[in-house]
Amino acid sequence: MKGLVVKSTGNSYKVRVDDNTIIDCRVKGKLRLNGIRSTNPIAVGDYVTFEYENEENGIINDIVDRKNYIIRKASNLSKESQIIAANVDMAYVVVTIHSPQTLLQFIDRFLVSAEAYGIPCTILLNKYDLYQSEEDQAAIAEWKEIYELAGYEILCVSTTTGYNMQELKNRLAGKVSVFSGNSGVGKTSIIKWLTNLADLKTSEISKSFHKGQHTTTFAEMYETDNKGMIIDTPGVKAFGLLNLEEEEMSHYFPEIFRYSSDCQFYNCTHSHEPKCNVIRAVEEGKIAISRYQNYLTFMDDKNAKHREAQ
Ligand SMILES: Nc1nc2c(ncn2[C@@H]2O[C@H](COP(=O)(O)OP(=O)(O)O)[C@@H](O)[C@H]2O)c(=O)[nH]1
Ligand SMILES: [Mg+2]
Ligand SMILES: [Zn+2]
């Protein structure tokens with residue numbers, strides 16, 4: 001049998017075989033893993049083959065080759081990685097300008113990772129109902145300008161008023177999309193709106209039960225009624241900058257990459273070199289300063305890691 005993994009709890013997997021049937025599966029023995037050192041061999045979004053043990057349970061014996069996957073380090077010290085999701089078509093980073101405030105650095109980190117995975121990304125600005133003041137509208141206009149220069153769309157939505165939620169739902173149809181974002185920005189509320197699931201806990205509700213704990217600890221897949229698959233990713237660091245080489249960093253800032261072809265030096269790092277076309281573009285306002293600064297910060301982080309490793 002072939003099926004789609006819709007939930008992973010570490011050692012068991014919920015595998016969907018058709019629209020209504022979910023089989024609880026385990027892995028027996030070793031699976032070939034394409035050289036990935038991972039704490040979890042199978043992730044949400046994987047297609048697997050399995051054999052039935054009985055009507056409700058199965059044993060997974062193979063993974064269908066992945067189109068792509070999102071991965072993070074299991075912990076800071078560990079060399080092992082955890083695969084968050086596989087076979088992803090689209091990534092959405094859910095952000096808010098306040099209540100809580102999302103940092104641009106968080107957004108850029110996410111965008112860099114999505115670029116590195118080759119996954120197209122849209123910024124979802126939730127809680128639009130809260131941002132009607134002139135000041136907030138100006139802040140949104142500024143963010144839109146920053147990300148339009150980079151080639152990303154910001155879609156404003158509100159789960160409270162339903163603003164643009166149908167538009168979002170239309171976009172999700174027939175695709176696998178991952179949702180990520182800081183806790184409190186409304187990921188669970190968005191998924192609830194899109195799937196009519198009543199039993200999803202938003203962080204407000206769950207907080208009173210277990211303080212300080214993340215509501216979502218494993219990635220889980222949900223389906224909209226127009227055949228969109230949504231993966232809610234756990235935690236904040238789901239999109240760490242993993243295994244990116246410093247010299248590749250500019251590839252993952254599309255606007256920096258675009259201007260870099262006219263730099264004087266082929267190995268220009270766009271940090272200090274003369275006749276750097278990227279620095280010129282920043283000066284001319286064609287690249288947002290915040291994006292350029294985050295590019296330099298991420299390069300510094302990489303350099304520090306290299307020094308540590310030596
Ligand atoms: N004003 C407003 N509040 C929202 C909106 N969406 C979610 N919230 C609230 O934001 C809080 C966090 O939402 P939740 O879905 O748990 O966020 P998560 O941590 O990203 O999953 C809850 O109190 C929600 O009711 C929205 O569009 N507008
Ligand atoms: Mg949540
Ligand atoms: Zn340059």
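The buried residues of helix H3 (165-172) pack against E8, E9, strand E10 (154-156), E11, H4 and E13. Contact here means heavy atoms within 4.5 Å, and buried means under 20% relative accessible area, with exposed over 50% and partly exposed in between (1.4 Å probe, protein chains only). Helices (H or I, at least four residues) and strands (E, at least two) are DSSP runs, numbered from the N terminus.

We're looking at a predicted model, in which local features need pLDDT of at least 70, side-chain atom pairs count only at pLDDT 80 or more, and totals for chains, interfaces and linings use all residues. Residues are numbered from 1 along each chain as its sequence is written, chains are lettered from A and ligands numbered from 1 in the order in which they are written, and side-chain values use heavy atoms, with hydrogens and water left out.

**The chain overall**
- There are 8 helices and 13 strands in the protein chain.
- Of its 310 residues, 46% are buried.
- Take the contacts with a separation of 6 or more: 65% of them are between residues 24 or more positions apart.

- H3 buries Met165, Leu168, Lys169 and Leu172. These cover an arc of only 100 degrees around the axis, so they sit on the same side of H3; the arc is that of the directions from the helix axis to the C-beta atoms.
- Over in H4 (residues 187-195), the buried set is Lys187, Thr188, Ile190, Ile191, Leu194 and Thr195. Their arc is only 160 degrees around the axis, which puts them on the same side of H4.
- Packing partners for the buried residues of H4 include strand E8 (90-95), strand E9 (121-125), strand E11 (176-180) and H3.
- The two helices pack at about 75 degrees, axes 10 Å apart, which makes H3 roughly perpendicular to H4. Axes are lines fitted to C-alpha atoms, for helices over the stretch in contact, and angles run from 0 to 180 degrees between N-to-C directions. Under 35 degrees counts as roughly parallel, over 145 as roughly antiparallel, 65 to 115 as roughly perpendicular and the rest as oblique.
- Where they meet, H3 brings Met165, Gln166, Leu168, Lys169 and Leu172, and H4 brings Ile190, Trp193 and Leu194.

**The zinc site**
- Cys263 (SG), Cys268 (SG), His270 (ND1) and Cys276 (SG) coordinate the zinc ion (ligand 3) at 2.1 to 2.4 Å. Donors are N, O and S atoms within 2.8 Å of the metal (3.2 Å for Na, K and Ca); water is not among the atoms, so sites may look incomplete.
- The 4 donor atoms make angles of 102 to 118 degrees, and the site is tetrahedral (for four donors, all angles between 85 and 135 degrees).
- The donor spacing in sequence reads C-x4-C-x1-H-x5-C.

**Val95 in strand E8**
- Val95 belongs to E8 and is buried, at 0% relative accessibility.
- Beyond its neighbours within four places in sequence, Val95 has contacts including Ile107, Ile123, Trp143 and Val185.

- Ser99 and Pro100 are joined by a cis peptide bond, omega about -5 degrees; Pro100 is in the loop between E8 and helix H1 (104-117).
- Lys275, not a glycine, has a positive phi of about 50 degrees and is exposed at 59%.

Conventions:
Four donors count as tetrahedral if all angles lie between 85 and 135 degrees; four count as square planar and six as octahedral if opposite donors are over 155 degrees apart and all others between 65 and 115; anything else is irregular.
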